[in-house]
Amino acid sequence: MLRTTRTLRNAAAALAVLLLSGTTAFAQDASGKLVIVTSFPKDMTTAFQQAYQKANPKVTVEILNRNTNAGVKYLQETASNNGVDLFWASAPDAFEVLKGAGLLQPYKPKVEGIPAKVGAYPVNDPEGMYAGFAASGYGIMWNSRYMKANDLPVPKEWADLTKPVYFDHVAISAPSRSGTTHLTIETILQGEGWEKGWRTNKEMAGNYRTITERSFGVPDGVNSGAFGVGIVIDFFALSSQASGFPVEFAYPTITTIVPANVGVVKNAPNKAAAEGFVDFLLSPKGQEVLLEPAIRRLPVNPVTYEKAPAGYPNPFKDSSLGSQVNFDVNVSQARYNVVDALFDQLITFQLDDLKAATQAIYKAEAALAKKPNDKAKALLAEARDLVAAMPVTAEQAADPQLAGAFTVERKSAKDTVPERQAQVEQKWAAFAKENYAAARKKADEALALAR
Amino acid sequence: MTSLALTRDRIARVRPGPALAALLIAAFLLLFLVVPVVQVIFVAFQDKTTGAFTLVNFADFFGNDLFMRSFANSFYVSAMSVVVASLLALPLAYLTTRFEFRGSVLIQSLGIIPLIMPPFIGAVAMQLLFGRNGSVNLLLRDHFGFSIPFMEGLNGVIFVQSIHYFPFILINLSASLKNIDRAMEESAQNLGCHGFRLFRRIVFPLAMPGYVAGASLVFIKVFDDLGTPLLLNVNDMLAPQAYLRISSIGISDPMGYVISVVLISCSLLALWVSALAMRGKDYATVQRGGGGLAKRRLKPLEMVAAYGIVLLILVLVLAPHVGLGLLSFATIWSFSPVPDAFTLKHYQTVFTESGQYITNTLLYASLAALLDVVIGTAIAYLVLRTKLPGRQWLDYIAMAALAVPGVVLGIGYLRSFYGVPMPFTGQPLSNFWLILVFALAIRRLPYALRACTAALQQVSSSLEEAAENLGATKLRTVSRIVVPLMSGGILAGFVTSFATAAVELSATIMLVHSQSDAPLAYGLYVYMQSAAGRGPGAALGIFAVIIVGLGTYLSHVVIERGRRERGQDQ
Amino acid sequence: MNHQFSPAALAAQIESVGVDIEGVNLSYGTNHVLKDVNLAIKPGEFFAFLGPSGCGKTTLLRLIAGFNTAQRGEVRIGGRDISTLPPHRRDVGMVFQSYALWPHMTVRRNVAFGLEERRVPRAEIERRVDAALDLVGLKHLADRRPSQLSGGQQQRVALARTVVIEPKILLLDEPLSNLDAKLRVQMRQELLSLQRKLGLTTIFVTHDQEEANTICDRIAVMDDGKVQQVGTPQDLYDHPANLFVAGFLGTANVLDGEVRSDGAAGSVFVGNGITPVALPPQEAGGAGAGTGGKLMFRPQNLAIRADGGPPAPGHARLTGVIRHREFLGASIRYAVDVGGQLVQVDAPHQAGDALLSPDAPIILDLAADKARFLRQ
């Protein structure tokens with residue numbers, strides 16, 4: 001009898017706690033449950049979770065790990081009955097989508113002293129929907145065992161990766177799948193101009209061994225030695241190194257330092273805790289967590305660098321880091337989906353043809369080096385131009401009509417779409433296929449002449 | 001008048017019990033399969049600008065080179081996977097069922113393990129072993145100066161998929177082979193047939209139903225699977241194309257859903273074709289007076305060859321798990337045949353961090369599998385033993401789940417249930433962990449259903465009639481006679497559902513809403529997002545394999561004990 | 001179903017060969033299934049292995065077909081030892097109990113199978129298959145699947161499939177057990193006429209003595225892995241070598257007793273409720289006085305003596321009490337308690353005859369020359 005009563009009482013108490021925890025979510029001070037959807041790896045989220053909970057013991061942090069795309073999708077699908085407080089991820093474009101869909105609410109962090117720009121990229125969203133809390137730059141990562149076994153020189157610049165020696169040794173993730181890769185491609189386009197930028201991108205792509213679907217697929221492959229060189233975001237390389245993998249990393253001159261962001265979700269159940277977490281991230285204490293070996297991201301709070309180990313990259317001091325290109329967010333935004341689709345249709349899905357053309361060009365070049373021939377040289381230049389040719393100009397790419405093929409949702413019957421996405425893509429793919437085949441033919445002709 | 005009488009006659013024959021069961025199952029399928037899927041794929045038939053019904057998206061699909069190439073690739077990879085999987089499964093099934101072969105139970109059990117390939121980590125292990133710079137190729141290159149492109153492009157997908165899914169053929173084919181009356185084989189020998197001709201002309205055709213069942217499963221799974229091609233970075237196949245489209249941010253393109261529709265249609269077509277091919281050929285059952293299978297003794301030389309073949313196949317198909325084991329104990333494994341050094345710390349990490357994942361997985365997978373065999377048995381019974389109008393549709397709809405990509409189901413669930421608040425707590429219904437169980441159950445239902453149907457087909461209906469004749473009600477007859485006699489098939493269904501549900505990711509990832517409710521596959525995913533998580537991820541993967549292995553073994557023990565108690569021991 | 005086999009359709013009369021089984025021993029682990037089996041089956045003979053289930057008859061048949069291997073002994077067909085040959089090279093046709101028709105092939109393909117394995121030219125295959133199907137009267141069903149045939153038709157297909165290859169000998173494993181009673185009677189006659197016309201040495205396994213008796217030239221009665229006796233049906237019935245054979249073929253009355261010396265007349269059998277029965281020397285088999293044994297006789301060897309007069313010459317007298325009776329139509333079978341042992345006696349029945357009542361005393365005479373003395 002006694003036991004039954006006690007069990008009952010315990011159950012009642014548990015129920016009360018449950019109910020209370022439900023209601024306190026609406027209280028003003030930071031307590032209760034804080035739900036964060038994030039794409040960051042466990043190493044990083046756990047470190048922040050622990051540091052934050054130490055400072056705010058009343059808050060229970062619940063981390064939901066999803067890749068950026070799935071996270072955005074999740075927020076979109078669940079918006080009608082939102083249960084998430086914060087969205088915490090790298091890619092600014094994901095935040096742009098959420099912002100466009102009205103799924104974020106503005107918050108101005110209380111922390112002072114954060115610069116307006118890191119490298120050439122603005123730290124915060126101008127409308128205050130999301131804030132940058134850490135910076136990362138894209139660069140080149142390589143496996144030193146692989147490089148030694150294959151006798152490869154260490155690459156320093158993007159241009160190095162266009163050299164024949166790296167043929168079939170390089171990997172990248174698709175810009176349509178990784179917001180940060182997109183920014184790297186966009187940076188090259190803005191830095192070198194549309195035509196030349198694409199030429200560089202395609203020449204690099206001729207050496208790609210693979211184009212991964214997940215951002216982490218690239219560092220993962222370099223770590224295990226599946227391929228030698230990867231185009232990755234710095235912290236992937238730095239944390240791999242910290243875990244003991246035989247890998248190294250370098251920033252090329254043309255790179256963008258991009259902020260990783262956090263944004264408060266609209267109708268957040270625990271807004272107070274969410275805002276508290278944002279402030280914590282930007283505070284010196286939160287920023288210091290970024291220096292941990294398994295995380296290795298660049299703080300946006302300049303004072304934190306005083307505590308960084310020697311040789312830690314500092315974009316606020318080192319002017320070569322990410323400031324070569326004056327990144328224009330508006331240009332980037334206008335052609336965002338067009339660039340992704342172009343990359344996919346011209347490179348990702350035509351990689352075999354592109355590589356075949358590239359290899360033919362390399363062969364002809366090698367033959368030509370031994371036995372010069374003017375006609376062959378001209379043919380080869382034509383072949384290279386064919387590879388580099390683009391189906392759309394920079395102006396066309398920025399045309400909202402074209403962009404509309406990708407984004408316009410049927411909101412009202414008046415919204416018109418000139419072409420369907422599938423039609424546009426089919427056109428580009430056919431263009432690429434034809435050009436790569438023609439380039440290969442010309443290169444083969446050149447090779448025949450040089451023999 | 002006649003038609004009216006007919007209808008009345010039909011109604012009179014419908015008993016309320018089965019009708020109620022059929023209605024409940026229909027409601028379940030409708031709510032948790034049809035509605036969510038339709039919610040997602042209706043976009044495929046919508047004009048982007050007007051919202052009106054249109055087929056223009058399908059015209060785009062068929063007019064697009066990339067999609068057509070993907071279509072061809074998917075078809076090629078699926079067909080080749082069936083071929084390679086058959087090459088792996090045939091010798092194992094044949095040698096272990098038709099010959100006196102020491103360890104055949106062990107071989108059969110080991111042969112099922114590849115089905116439990118934890119997501120992500122399995123492909124990583126395969127890359128480390130068979131990749132261009134994996135152990136095998138590094139050794140080959142060092143010692144012989146050449147390498148074998150196991151994992152390159154479509155070949156890689158075929159290789160991994162065959163190893164992953166060949167147990168479907170092994171299980172079904174073994175069951176069929178065991179059921180062949182030995183007189184069938186002996187009469188052929190008696191007439192002068194032997195060796196491979198005997199296998200080709202008599203044994204294999206008689207085992208055809210099992211083989212076709214297994215092969216069509218392999219075909220469909222490979223056709224729909226997106227995890228393996230994505231991890232091997234093969235994008236020009238249909239499932240990855242659909243996934244890439246559906247999960248791209250900020251793109252509102254219907255093609256992803258169009259591809260989903262194509263995927264579902266192709267899978268249904270494959271099921272239909274295999275059903276058509278097997279119509280009236282359900283003959284792999286023991287005949288009167290026959291002795292079941294005859295196990296022949298092998299000559300010493302044959303024995304050596306047979307063990308050699310079996311060992312080779314086992315080494316190949318268990319390689320991912322060996323790689324996984326190595327990885328879970330490895331400190332660093334990079335561009336070398338074996339890891340640099342070994343450690344136990346990954347297991348320590350998993351023990352301290354991931355207990356919740358393991359208990360959740362056990363709970364979810366066993367509930368889902370239970371649900372599957374209950375519904376599977378019920379549908380099998382309704383279809384085979386009742387005259388309910390439209391009962392075949394339950395079977396068709398349940399089988400269609402086989403063809404629904406996990407992502408589509410996951411998104412469908414979110415769309416359908418997120419807006420529905422739970423009673424009392426007010427939480428969205430889709431956050432309730434049981435929804436995850438339902439998603440897992442729906443995705444595995446086809447396996448359980450086929451196993452239950454096959455089991456019921458082998459139970460003579462006169463056994464039921466005898467029970468009813470002795471005064472048992474229909475329900476009692478089913479629970480006391482039919483279900484116990486079906487226990488073998490039900491077990492097979494339970495094990496397949498459990499094993500595959502325990503490592504399912506694609507629907508899970510969309511539906512997990514809190515870490516405390518997350519299953520093991522989600523934990524794996526989280527670990528595999530960072531360089532430092534690779535070891536613990538592998539350790540967790542090993543746990544997954546052990547859990548599934550133990551679960552399988554335990555359910556075998558339980559069912560076998562039940563059989564022995566009922567004196568059904570064979 | 002009233003088809004008669006017409007062997008003229010088959011190509012040639014097959015040259016008959018004999019089967020010799022010598023010293024065959026076969027065990028499955030510790031289970032000794034065949035014990036020192038010796039048999040000589042003559043060319044063209046219709047031979048039966050008869051015995052209860054588990055006696056080893058099917059094992060012996062499968063041994064001849066090559067599906068079992070004996071630990072010791074050999075099997076010769078036409079004088080040639082085939083013990084080491086694999087089944088497919090033995091040229092021994094076997095019809096299985098389940099018929100084992102392959103469900104994935106039509107009747108025609110089933111029958112053609114053996115010829116195809118023998119690489120017989122296409123045209124000849126067709127001709128011989130037609131002939132074989134004609135032989136069993138199923139030519140019109142050649143394109144059906146086995147599942148579309150009745151049991152009797154399946155049986156004929158199985159037979160056609162086996163004889164079409166013109167095997168040296170034909171093995172039939174309980175071929176009639178899956179047929180109904182009427183069809184069974186008809187089929188056994190057809191089997192016999194087929195065998196006679198083809199002249200094919202045939203071994204027939206059955207547990208049904210009537211089947212064996214009606215169609216076989218000779219029978220080997222088997223029990224417990226041993227051949228108990230070999231002989232013609234009549235031989236076995238009239239002169240069973242032991243109690244098993246006696247009991248297995250027909251009804252046997254058995255009385256316990258022993259042999260005593262009867263001076264000049266030789267040996268006599270003495271038992272409870274029966275006057276001494278004189279045993280001819282060949283019956284006593286040299287059994288000396290005091291040898292225990294059983295006296296075996298058939299119900300029809302007894303005559304009811306209502307008059308109670310002295311026994312006729314050469315007859316022994318039994319006295320007992322009727323325990324129960326069975327009305328069989330042509331006769332009435334009484335079970336009589338003779339000295340504590342039950343004896344069956346058949347009394348012919350005519351219309352109007354009165355039946356004897358149970359518990360009535362009864363006197364029976366036994367024709368002594370029909371009785372057999374069997375040692376323990």
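For the 451 residues of chain A, a compact globule would have a radius of gyration near 22 Å; chain A has 25 Å, which agrees. This is a predicted model, in which local features need pLDDT of at least 70 and side-chain atom pairs count only at pLDDT 80 or more, while totals for chains, interfaces and linings use all residues. Residues are numbered from 1 along each chain as its sequence is written, and chains are lettered from A and ligands numbered from 1 in the order in which they are written.

Start with chain A. Its C-alpha atoms fill a box of roughly 100 × 60 × 50 Å, taken along the principal axes. Its secondary structure comes to 18 helices and 13 strands. Helices here are DSSP runs of H or I with at least four residues, strands are runs of E with at least two, and both are numbered from the N terminus. The domain assignment of chain A gives domain 1 (28-134 + 259-307) and domain 2 (335-451). Such bounds come from an automatic or database domain assignment. The C-alpha centres of these two domains of chain A lie 39 Å apart.

Now look at one helix pair in chain A. Helix α6 (residues 179-192) and helix α13 (residues 336-346) of chain A have axes that come within 11 Å and cross at roughly 95°. Axes are lines fitted to C-alpha atoms, for helices over the stretch in contact, and angles run from 0 to 180 degrees between N-to-C directions. Which residues meet? From α6(A) come H182(A), I185(A) and E186(A), and from α13(A) come V339(A), D340(A) and F343(A). Two residues are in contact if their C-beta atoms, placed from the backbone, lie within 7 Å. By class, this contact has 3 nonpolar, 1 polar and 2 charged residues. Ala, Val, Leu, Ile, Met, Phe, Trp, Tyr, Cys and Pro count as nonpolar, Asp, Glu, Lys and Arg as charged, and the others, Gly among them, as polar.

Chain B comes next. Its secondary structure has 25 helices and 0 strands. Its radius of gyration is 25 Å, close to the 25 Å that the globule rule gives for 570 residues, so chain B is as compact as a globular protein of that length. Along its principal axes the C-alpha trace of chain B spans about 75 × 75 × 50 Å.

Two helix pairs in chain B deserve a look. In one, the axes of helix α6 (residues 121-130) and helix α14 (residues 300-329) of chain B come within 8 Å and cross at roughly 95°. That angle makes α6(B) roughly perpendicular to α14(B). Residues I121(B), G122(B), A125(B), M126(B), L128(B) and L129(B) of α6(B) meet A319(B), P320(B), G323(B), L324(B) and L327(B) of α14(B). The contact holds 9 nonpolar, 2 polar and no charged residues.

In the other pair, helix α16 (residues 355-385) and helix α17 (residues 391-400) of chain B pack at about 140°, with their axes 8 Å apart. That angle makes α16(B) oblique to α17(B). α16(B) contributes I379(B), L382(B) and V383(B), while α17(B) contributes R391(B), Q392(B), L394(B), D395(B) and A398(B). This contact has 5 nonpolar, 1 polar and 2 charged residues.

How do the chains meet?

Chains A and C do not touch, and their nearest C-alpha atoms are 46 Å apart.

Finally, chain C is divided into domain 1 (7-247) and domain 2 (251-375). Their centres, taken over C-alpha atoms, are 40 Å apart. Between these domains of chain C, 6 residues of domain 1 are in contact with 6 residues of domain 2. The domain 1 side divides into 3 nonpolar, 3 polar and no charged residues.

Terms used
Angles under 35 degrees count as roughly parallel, over 145 as roughly antiparallel, 65 to 115 as roughly perpendicular and the rest as oblique. The radius of gyration is taken over C-alpha atoms; the globule rule is 2.2 Å times the number of residues to the power 0.38.
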